[in-house]
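Me: I have a chain to study and some questions about how it folds. Let us take them one at a time.

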Amino acid sequence: MIETTKDYTVITGSRMHDLILNWKKTQQGLSWNHLNIYFLLDLSMNQLSGEIPASLGSLNPLKALNISHNSLYGRVPASLGDLENLESLDLSYNNLSGSIPQSLAKLQQLTILDVSNNKLTGKIPIGSQMDTMNNPNFYANNSGLCGMQIRVPCLEYLSPTKPPKVESKETWFSWEGVGIGYAVGFFVAVGNLYLIGYFVLTKPPNHRRQQGR
């Protein structure tokens, strides 16, 4: 177990300070300047807070990284995809949000990925070793993960529903408008011709006068 010293907090913003390694009842100090020579980094259950520093992605020799059971928040840094030798990554039991970065698909040696009990959303990355990470317990209790690994379809990849046929309706309205316009235009034209005297209404013959004669 790696613990913090009494005088320092392990993660402060984007900087990591010296750590104390408890191993077989002995203590050994780990300087940040020499962390690149270690293969295992276990920071679990240390009451750590803040965001995961992107600088962790520079620890290329790491084979196992465990920062579970803390109070870390924010997004999972894409730089973790640069840990090309990583075999185990445990981010469970934190307050991490956002999506799992697609960069983790680059990790050819990864066999364990545990992101359970966070607030992660979106599609679980696919490709390479990520296709084998199909244990639903490692993704449980998140805000809205989806993907083939947990057999939960992602909404954006579902076939969209057919939109209503607006074109036929618009066509019907256009022809209806033509019919109405034609009728109105016809009566207006006839009215104009009447006003200019083209049509002259003849008076009916006076039958009374003809009978009087």
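Me: Among contacts between residues at least 6 apart in sequence, what share joins residues at least 24 apart?
Reply: This is a predicted model, in which local features need pLDDT of at least 70 and side-chain atom pairs count only at pLDDT 80 or more, while totals for chains, interfaces and linings use all residues. Residues are numbered from 1 along each chain as its sequence is written, and side-chain values use heavy atoms, with hydrogens and water left out. Contact means heavy atoms within 4.5 Å. Among the chain's contacts between residues at least 6 apart, the share joining residues at least 24 apart is 43%.

Me: How many helices and strands does the chain have?
Reply: Both kinds of element are DSSP runs, numbered from the N terminus: helices are H or I with at least four residues, strands are E with at least two. Counted that way, the chain has two helices and 14 strands.

Me: What percentage of the chain's residues count as buried?
Reply: Buried means under 20% relative accessible area, exposed means over 50%, and partly exposed lies in between (1.4 Å probe, protein chains only). The chain has 213 residues, and the buried share is 32%.

Me: In what order do the strands of the five-stranded open sheet stand?
Reply: Two strands pair if DSSP finds at least two bridges between them. The pairing in this sheet is parallel, and the order is 7-9-11-13-14.

Me: Which residue stands opposite Gly74 in strand 11?
Reply: Strand 9 (residues 71-74) has Leu72 and Gly74 on its covered face, with Ser71 and Tyr73 on the uncovered one. Two bridges join strand 9 to strand 11 (residues 95-98), and the two run parallel. Tyr73 stands opposite Asn95. Opposite Gly74 is Leu96.

Me: Which residues form the covered face of strand 11?
Reply: In a regular strand, side chains alternate between the two faces of the sheet. The uncovered face of strand 11 holds Asn95 and Ser97. Its covered face holds Leu96 and Gly98.

Me: Which residue of strand 13 is the bridge partner of Ser97?
Reply: Strand 11 and strand 13 pair in the parallel sense over two bridges. The partner of Ser97 in strand 13 is Lys119.

Me: Which residue of strand 14 stands opposite Thr121?
Reply: Strand 13 (residues 119-123) and strand 14 are paired in the parallel sense by three bridges. Opposite Thr121 stands Gly144.

Me: Why is one side of strand 6 and of strand 12 left without a neighbour in the four-stranded sheet?
Reply: This open sheet has the order 6-8-10-12, with parallel pairing. Strand 6 (40-42) and strand 12 (112-114) lack a neighbour on one side because, at the edges, each has a single partner strand.

Me: Which residue of strand 12 is the bridge partner of Ser88?
Reply: Strand 10 and strand 12 run parallel and are joined by three bridges. The partner of Ser88 is Ile112.

Me: Why does Val76 count as buried?
Reply: Val76 sits in the loop between strand 9 and strand 10 (88-90). Beyond its neighbours within four places in sequence, Val76 is in contact with Leu91, Leu96, Ser97, Pro101 and Leu120. Val76 counts as buried because its relative accessibility is 7%.

Me: Which backbone oxygen does the side chain of Gln149 reach?
Reply: Gln149 lies in the loop between strand 14 and helix 1 (166-195). Gln149 counts as buried, at 3% relative accessibility. Not counting residues up to four places away, Gln149 touches several residues, including Ile124, Met130 and Tyr139. At 2.8 Å, its side chain reaches the backbone oxygen of Pro125.

Me: Which residues touch the most other members of the largest nonpolar core?
Reply: A nonpolar core is a set of buried Ala, Val, Leu, Ile, Met, Phe, Trp, Tyr and Cys residues joined through side-chain atoms within 4.5 Å. The largest one has 31 residues. Leaving aside neighbours within four places, Leu113 is in contact with Leu89, Leu104, Met130, Met133, Phe138 and Tyr139. The members that touch the most others are Leu65, Leu89, Leu113 and Tyr139.

Key
A polar contact is a pair of N or O atoms within 3.5 Å; within protein, one must be able to donate a hydrogen and the other to accept it, and residues adjacent in sequence count only if both atoms are side-chain atoms.
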